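Please look at the model shown here and follow its charged side chains step by step. The paragraphs go from a total to single pairs, and then to a group of residues that share partners.

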Amino acid sequence: MQLLLEKRSQASSLMNLFSPLLAILLTVVMGGFMFAIMGKPPLSALYIYFIDPLTSWWSIEEVLVKAGPLILIGTGLAVCFKANVWNIGAEGQLTAGALMGAIIPVLWGEWQSPLGLVVMLVLGAFGGALFGLIPAWLKTRFGVNEILTSLMLVYIAQLLLDWVVRGPWKDPDGYNFPKSVSFEGWHLLPTWGDGRMHFGLVVALAAALILFWVMRRTLKGFEINVVGSAPRAGAFAGFSQTKMVWFCFAVSGGLAGLAGLIEVAGPIGQLQPHISPNYGFTAIIVAFLGRLNPLGVIVAGLLLAVSYIGGEGVQIELGISDKTTQVFQGMLLFFILMCDTLILYRLKWISGNPIQHGKRSAS
Amino acid sequence: MLDKNNKKEQPALLQVKNISKKFGDFYANDSLNLSIEMGKVHALLGENGAGKSTLVKMMYGALQPTSGSIFWQGKEVSIASPAHARELGIGMVFQHFSLFEALSVSENISLALPPVLRKGDLSQRIADLSHDYGLPLNPAALVADLSVGERQRIEIVRCLLQEPKLLIMDEPTAVLTPQEAQALFATLRRLVKEGCAVLYISHRLEEVKCICQDATILRHGKLIAEVDPQIETAATLAKLMVGSSVHEVSRMASSGTGDVLLSITKMHQASSLPFGIDLLDINLQVKSGEILAIAGVAGNGQGELFSVISGEQSNADRGSITLVGQTCDGLGINQRRCLGAAFVPEERIGHGAVEHLNLTDNILLSRHACNDTPSSLNRGWLGIDREQLSQLNKVIGIDYDVRKSQEDVTAASLSGGNLQKFVVGREMNRKPKILVINQPTWGVDAGAAALIRQAVIDLSRQGSAILIISQDLDEIFELADNIAVMSRGQLSTTYSAGDLSREEIGLMMAGSHEQATQETGA
């Protein structure tokens with residue numbers, strides 16, 4: 001008996017849709033095993049993890065709040081990955097955007113006007129894009145692998161943020177806590193409901209819809225697709241690989257920076273050493289789970305947001321470490337990449353050696 | 001090797017019975033039978049995609065048959081791997097060589113030999129054997145410095161060192177000059193005399209008639225005929241291969257040529273690839289109504305020349321290119337298209353077209369910037385003009401006989417010939433003033449080749465300037481008004497097609513026109 005991977009004559013569009021569903025199923029099953037090994041009842045643990053967050057308005061709201069940055073960053077990364085540009089450093093660009101946008105509330109705290117908020121949003125996107133352009137420049141100028149540089153820049157950005165909130169931007173009236181002044185008035189995003197739901201989700205959905213249109217209908221989307229999948233044909237079409245790297249990092253970095261600013265001007269309301277539960281890394285999973293399609297990213301972003309709230313849920317109710325979230329997210333990415341093999345290949349059981357098999361069918 | 005006196009009593013050296021190979025639902029080989037005898041050159045004939053390579057890969061153990069059996073010297077065997085095949089005494093020279101350019105000849109050979117044969121003075125044995133068989137090789141030379149013909153010799157010597165009883169050669173002359181091919185034939189005749197068998201894969205009928213004693217003809221994976229090539233004519237063989245008689249290209253006399261539309265003067269270009277070819281002092285002119293063909297063995301700088309003319313490669317280091325009277329230095333491929341130029345690259349898949357994209361998207365690929373129709377295909381934020389694209393796709397499909405299952409299918413689902421007709425048609429549909437085509441009918445069936453060649457001639461007779469880069473001399477003589485020859489990055493002066501013989505072109509392909517600069521450069 002032998003298990004063979006056989007190449008399909010063409011990519012299966014059915015598996016392209018089913019691969020993420022299969023991956024989710026495998027993640028749930030393996031998650032159940034994990035709970036069982038930890039001595040928790042698997043079914044009720046899974047219920048607490050995946051279903052419970054959707055049973056109360058409070059937690060649904062919390063899921064939406066978490067989905068916002070995931071969708072915003074995920075759409076940018078989807079464009080990037082589609083073009084075969086590997087920005088792994090969205091977390092760093094998120095941090096850079098938050099830092100840049102916070103210039104207004106921290107240094108010009110007295111400037112209270114709607115325009116101030118707009119400037120903050122613009123600065124956030126600008127900061128993320130600028131930080132994203134560092135790996136773009138290193139790649140196009142020196143041929144340095146962008147996976148390494150973008151990832152390493154994450155730690156630089158996080159340490160910069162850490163230094164800033166403990167040093168120059170520390171709130172003088174903050175009892176020496178490492179945090180900036182609290183943002184106030186027009187330095188905070190409009191909210192509704194009980195004040196957790198904010199304008200960020202609207203920005204995220206708008207970004208996803210715009211990028212969906214760009215990818216689906218416009219020449220730019222065509223360019224991204226061609227340069228990513230057939231670079232030589234891209235050159236033949238007159239599309240520049242170099243410009244594409246800049247474009248991708250500018251867009252994905254900009255959206256990540258915007259997400260960072262929205263976090264500090266939304267749910268957090270100030271700068272502090274930790275402003276993101278790894279949204280920038282989780283968004284990589286979101287992009288792949290969403291099939292690198294901005295509409296898919298919206299769905300995937302909601303699902304991954306559930307995994308955060310579910311992680312908090314099992315921590316509270318079953319006393320399991322909140323690292324569970326990361327385990328689930330890791331398993332999900334692992335299974336997606338694994339199941340994606342089935343888009344180009346099919347599994348085949350073969351009894352014995354293929355040659356003998358051939359002889360038997362010939363006789 | 002083998003004792004040739006008792007070969008009559010022995011069974012066939014290699015026999016294949018009812019062998020089939022299925023890829024998905026597609027039969028690449030459908031119950032084929034073949035028997036190869038010692039002391040003969042056996043031809044395996046067929047068009048691209050007929051299943052020749054699949055069949056020999058199974059004989060060489062690189063693929064496993066779906067069903068059927070292989071007999072080696074009368075005994076049934078299952079050839080599990082190429083190493084197993086070599087152990088049995090089957091050697092194969094592939095069409096695409098697998099050599100390390102940065103290593104020497106003897107290092108390359110040593111890498112591929114089993115440890116037993118690596119012992120002793122390998123370099124000396126290589127030198128002796130290659131000399132003995134008329135395949136002169138310097139064991140210490142770096143592969144990067146060798147011509148394609150010499151590289152092929154390495155592969156042959158590598159096989160011969162293992163003293164094969166059967167040598168399989170996959171289109172060996174596709175990359176050789178006529179003179180190099182003659183030398184190869186002499187070697188093959190000598191091998192056969194010693195009792196070795198050769199399975200010779202080709203679609204060049206003249207050379208099959210010249211050296212083969214048996215011929216098996218495949219079409220669409222099926223065995224069509226077993227014939228004696230000495231009795232058949234090239235025309236009857238072609239008919240068996242293609243399945244119908246081949247359409248002749250009709251060629252009106254040129255109505256005279258006009259202005260110079262494409263000119264290159266004193267152009268130099270260092271290759272951007274580690275082992276690419278540097279272009280040296282290229283000069284050429286193509287006039288309106290003229291077809292200029294550049295002959296030459298593949299890999300002598302043709303690809304580099306194409307990308308400099310098209311603008312895919314950034315600007316030439318020195319010298320300049322003029323299209324329709326305008327100097328093009330620094331212009332990208334789309335700006336050159338807008339001047340009225342059109343380009344067809346050598347590789348259909350991955351360069352001229354993207355396989356997973358639909359035909360309409362593939363039209364967009366080369367026409368999004370300069371469409372030469374009243375409204376642009378690119379409407380910015382409003383998106384791409386899909387309606388116009390599908391209209392264009394329809395017209396190109398009809399005008400260039402692109403056969404497809406639906407109007408708008410993926411490029412991958414077209415056969416090689418149909419895709420080439422589409423790619424050529426996409427450019428010709430613009431009625432370009434200048435058309436540059438690299439290998440216009442490479443790997444294309446005869447019917448499609450005839451259509452493409454006819455379209456090229458018709459376009460030139462309407463006043464376009466056409467530059468063809470080809471390694472197929474038949475094609476060149478069929479199409480060209482004028483011919484220049486490229487070797488090692490240098491281009492000969494232009495000759496009128498009527499003034500050149502094949503032998504003269506062959507000598508130039510081997511480098512007789514090259515200037516001293518090359519010697520000092522190398």
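Over all chains of this predicted model, counting side-chain nitrogens of Lys or Arg within 4 Å of a carboxyl oxygen of Asp or Glu gives 24 salt bridges. One of them is found in chain A, where the side chains of D171(A) and K179(A) meet with 3.5 Å from N to O. Are these two residues buried or exposed? D171(A) has a relative accessible area of 10% and K179(A) has one of 17%, and because buried means under 20%, both D171(A) and K179(A) are buried.

Another salt bridge in chain A joins D340(A) and R291(A), whose closest N and O atoms are 3.1 Å apart. This pair links distant parts of the chain, since D340(A) belongs to helix α14, residues 323-344, while R291(A) sits in the loop between α12 and α13, and the two are 49 residues apart.

In chain B, the closest N and O atoms of R190(B) and D132(B) are 3.6 Å apart, and the two residues form a salt bridge. R190(B) lies in helix α7 (residues 178-193) and D132(B) in helix α5 (residues 122-132), so their pairing ties together parts of chain B that are 58 residues apart in sequence. As for accessibility, R190(B) counts as partly exposed at 30%, and D132(B) counts as partly exposed at 46%.

Salt bridges can also share partners, and in chain B such bridges join R453(B), D472(B), E475(B) and E478(B) into one network.

Conventions: Residues are numbered from 1 along each chain as its sequence is written. Chains are lettered from A and ligands numbered from 1 in the order in which they are written. This is a predicted model: local features need pLDDT of at least 70, side-chain atom pairs count only at pLDDT 80 or more; totals for chains, interfaces and linings use all residues. Side-chain values use heavy atoms; hydrogens and water are left out. Buried means under 20% relative accessible area, exposed over 50%, partly exposed in between (1.4 Å probe, protein chains only). Helices (H or I, at least four residues) and strands (E, at least two) are DSSP runs, numbered from the N terminus.
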